[in-house]
Amino acid sequence: YIEKVEYPEFSIWLDTSGSMAWDGKIYSALAGLIMISEACEETGVTYTLGRFAKSPEIIKKHNERLKTLHIEGIYKNFGGGTQEYKALRMAYNNFSGTKEKRIIILITDGLTESLTNLKDTISYLRDRVKIIALGINLTYESLALFPNRVLTTPADLPKKLASILKKELTI
């Protein structure tokens, strides 16, 4: 008898504000997203993919497989400010509802445009989902609101995403 492993459901969100185009950050982030998507699909882990700047948008729903169309969707409406609180709310509201453990991974390089809304959103979600913020070239203080935070450089981003996925799947 082999007990079936109950994997968490992931919602992975990428900051597509204008500053992500600087220093090739978007390319490292996309490489990481493709790698984590392939790993999720190979292991049967359910995940949603989204992008955010001024407004969030779901690119790949939890019941779809990753396609080129989803990657192309990340570039749609590229630029604008950073309002990650909107992405967190959309991520929470769009989980499938079939998994007990839910994890939001937020990949960002910017400071929020609405500190009050971000604080309120994190406070509301704190006991409902696990939020992991992956900060690209940010200071520790920039991510201080997030209970789970990882600092990275663009070059190390794919490795950091892989280690987050591995850690969350083995707990």
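I began with aspartate 109 and lysine 25, both of which are buried (under 20% relative accessible area; exposed is over 50%, partly exposed in between; 1.4 Å probe, protein chains only). The model is predicted, with local features requiring pLDDT of at least 70 and side-chain atom pairs pLDDT 80 or more, while totals for chains, interfaces and linings use all residues. Residues are numbered from 1 along each chain as its sequence is written, and side-chain values use heavy atoms, without hydrogens and water.

**Salt bridges**

I found that aspartate 109 and lysine 25 form a salt bridge, with the closest N and O atoms 2.9 Å apart (the term requires a side-chain nitrogen of Lys or Arg within 4 Å of a carboxyl oxygen of Asp or Glu). Aspartate 109 sits in the loop between β4 and α4 (115–125), and lysine 25 in helix α1, 84 residues apart. Helices (H or I, at least four residues) and strands (E, at least two) are DSSP runs, numbered from the N terminus.

I next looked up glutamate 168, which pairs with lysine 130 at 2.6 Å between the closest N and O atoms. Glutamate 168 is buried at 2%, whereas lysine 130 is partly exposed at 22%. I noted that Lys101, Lys130 and Glu168 form a salt-bridge network.

**Nonpolar core**

I then turned to the largest nonpolar core, which has 28 residues (buried Ala, Val, Leu, Ile, Met, Phe, Trp, Tyr and Cys joined through side-chain atoms within 4.5 Å). Helix α1 contributes the most to this core, six residues.
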